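Subject: Structure handover

Hello,

I am passing on the structure below, followed by notes on what was found in it. Please keep the view open while reading.

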Amino acid sequence: SAFIDPLIGQLIDKTNTKMGKLKPYIWASIPPLIILTVVIFTPWPGLNTASPAAQYTYVIITFFLWCVAMSLGDIPSQAMGSVITTIESERTNAISLGNTFKTVGLVFPAAIMPLCSLMVPDGAKGFGGNFSEMEYLVGGIVTVVLGCGLFALTAINNQEKVPYHAEKITVKQMFKGMKENKYLLIAFLTYII
């Protein structure tokens, strides 16, 4: 996110479509999020017996691509609150409500996983032990379909009403500004820890 998010922000700044600056990226993020989530949770034959290097390479590549897809949608969805109204109290309420739903959404997979395991033949072993690979796959599919369906509502139900004009800034200037922002560096350090 530290490297990808600013680049996505640059792309958004240069975008101008009939849908607006933000919606195209939200829509573009949904197919790769669905596909990559299924890929991440698919029990590939031979992966469990592959070398640790092959397993780590698979995990790093698929998770990195998933994070890029997530950032592609998350950055514009977070920015949506600032362009849907000129009234500050409405903006604050919309952003707060959106962040509340996002927090609830982070808990959703853990809450839905036991229910999803009941859909798998010979499932629900997770109640007394570990979930099987197939239970994780079903849980991942249910979670990503419901999650992306709800995420799409951000693009469906919101209109970009506030004109947005981006400052002209180079990638080098952007990274220099990030390096000088103490609060941002503390946030990055917190994420790493």
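A crossing of two helices is called left-handed if the near helix is turned anticlockwise from the far one by less than a right angle. In this predicted model, H2 passes H3 in such a left-handed crossing. Helix H2 covers residues 23–41 and helix H3 residues 52–83, and the two pack at an angle of about 155° with their axes 8 Å apart. Angles over 145 degrees count as roughly antiparallel, and H2 and H3 are therefore roughly antiparallel to each other. On the H2 side, the residues in contact include Tyr25, Ile26, Ala28, Pro32, Leu33 and Leu36. On the H3 side, they include Tyr58, Phe63, Trp66, Met70, Gly73 and Met80. Sorted by class, the contact of H2 with H3 has 17 nonpolar, five polar and one charged residues.

Now the overall picture. The protein has seven helices and zero strands, so to speak of its order along the sequence, the pattern is α-α-α-α-α-α-α. Its C-alpha atoms fill a box of roughly 55 × 35 × 30 Å along the principal axes.

On confidence, the mean pLDDT of the protein is 84, and 95% of its residues reach 70 or more. Where pLDDT is low, the predicted coordinates should not be read in detail.

H2 and H5 pack at an angle of about 175°, with their axes 9 Å apart. That angle makes H2 roughly antiparallel to H5. From H2, the contact takes in Trp27, Ile30, Ile34, Val38 and Phe41, among others. From H5, the residues include Glu133, Tyr136, Leu137, Val144, Cys148 and Phe151. The contact of H2 with H5 counts 16 nonpolar, four polar and two charged residues. Lys23, Ile26, Ser29, Leu33 and Thr37 of H2 are among the residues that touch H3, and these five are also among those that touch H5.

Next, the aromatic rings. The count comes to two aromatic pairs. One of them is Phe41 with Tyr136, a stacked pair with 6.5 Å from centre to centre and 15° between the planes. Phe41 lies in helix H2 and Tyr136 in helix H5 (residues 133–157), so the pair ties together parts that are 95 residues apart in sequence.

Leaving aside residues up to four places away in sequence, Asn158 touches Lys23, Met80, Ile84 and Leu153. Of these, Lys23 belongs to the H2 side of the contact with H3, and Met80 to the H3 side. Asn158 and Ala50 are 108 residues apart in sequence, and their C-alpha atoms are 46 Å apart in space.

Helix H6 (residues 171–180) and H7 pack at an angle of about 80°, with their axes 5 Å apart. That makes H6 roughly perpendicular to H7. Met178, Lys179 and Glu180 of H6 meet Lys182, Leu184, Leu185 and Phe188 of H7. By class, these residues divide into four nonpolar, no polar and three charged.

Regards

Definitions and conventions
Residues numbered from 1 in each chain as written. Predicted model: local features only at pLDDT ≥ 70, side-chain atom pairs only at ≥ 80, totals over all residues. Heavy atoms only, no water. Axes fitted to C-alpha atoms, helices over the stretch in contact; angles between N-to-C directions. Helix = DSSP H or I, 4+ residues; strand = E, 2+ residues; numbered from the N terminus. Parallel < 35°, antiparallel > 145°, perpendicular 65-115°, else oblique. Contact = heavy atoms within 4.5 Å. Nonpolar A, V, L, I, M, F, W, Y, C, P; charged D, E, K, R; others polar. pLDDT = per-residue confidence, 0-100. Phe/Tyr/Trp six-rings, centres within 6.5 Å; stacked < 30°, edge-to-face > 60°.
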